[in-house]
Structures are given as structure tokens and as C-alpha cells.
Amino acid sequence: MAKLTPSNDAPGLHVSKPSPSDPATASAVCHCGASSSAKGDAQVGALVAGWNANHGSAHRK
């Protein structure tokens, strides 16, 4: 299986929720150097919203 955790060499967003009763977790690394992680459904939702608004495709190279 490929490594899914984003890094400076492979930026991106990774979200995991192994089961409905487990809290979601997420990590993000952008090519601009920004990085973040979150645990818990609400915090992961906020991280994804911020990624979509400010990183990822919002400012691709």
C-alpha cells in the first residue's frame, strides 16, 4: 500500500475515519509550506474547509 500521509515531497490532504464510532483524523501539507493536522469530526471538517478555500487547488503551482 502506498504511503498516504502528505509530506513536503508529496503535498496533499489525507482524511481517515476507520469506523463510524471512531473520530476522524486528518493531515495536510501544501506546496506553499503550510501544514496542519486535526482530530475529531468537527476539527477535520474545519481543516478540509480551510484546505479547499486556501490551499490545494486554490493556489496550485
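The model is predicted, so local features need pLDDT of at least 70 and side-chain atom pairs count only at pLDDT 80 or more, while totals for chains, interfaces and linings use all residues. Residues are numbered from 1 along each chain as its sequence is written, and side-chain values use heavy atoms, with hydrogens and water left out.

**The sheet**

- Three strands form an open sheet in the order 1-2-3, with antiparallel pairing; strands (E, at least two residues) and helices (H or I, at least four) are DSSP runs numbered from the N terminus, and two strands pair if DSSP finds at least two bridges between them.
- The edge strands are strand 1 and strand 3, each of which pairs on one side only.
- Strand 1 (residues 12-16) pairs with strand 2 over five bridges, and H14 has S27 in strand 2 as its bridge partner.
- Strand 2 also pairs with strand 3 (residues 35-39) over five bridges, where S27 has S37 as its bridge partner and A28 stands opposite S36.
- Strand 2 and strand 3 form a hairpin with five residues between them, and G33 in the turn has a positive phi of about 105°.
- Strands of a sheet pair through backbone hydrogen bonds, either parallel or antiparallel.

- Strand 2 (residues 25-29) is mostly covered, since four of its five residues are buried, where buried means under 20% relative accessible area, exposed over 50% and partly exposed in between (1.4 Å probe, protein chains only).
- Leaving aside residues up to four places away in sequence, V44 touches V15, A24, T25, A26, A38 and K39, where contact means heavy atoms within 4.5 Å.

**The cysteines**

- The structure holds zero disulfides, a disulfide being a pair of cysteine sulfur atoms within 2.5 Å.
- The sulfur of C30 lies 3.6 Å from the closest cysteine sulfur, that of C32, and is therefore too far away for a bond.
- C30 counts as buried because its relative accessibility is 3%, whereas C32 is partly exposed, with a relative accessible area of 46%.
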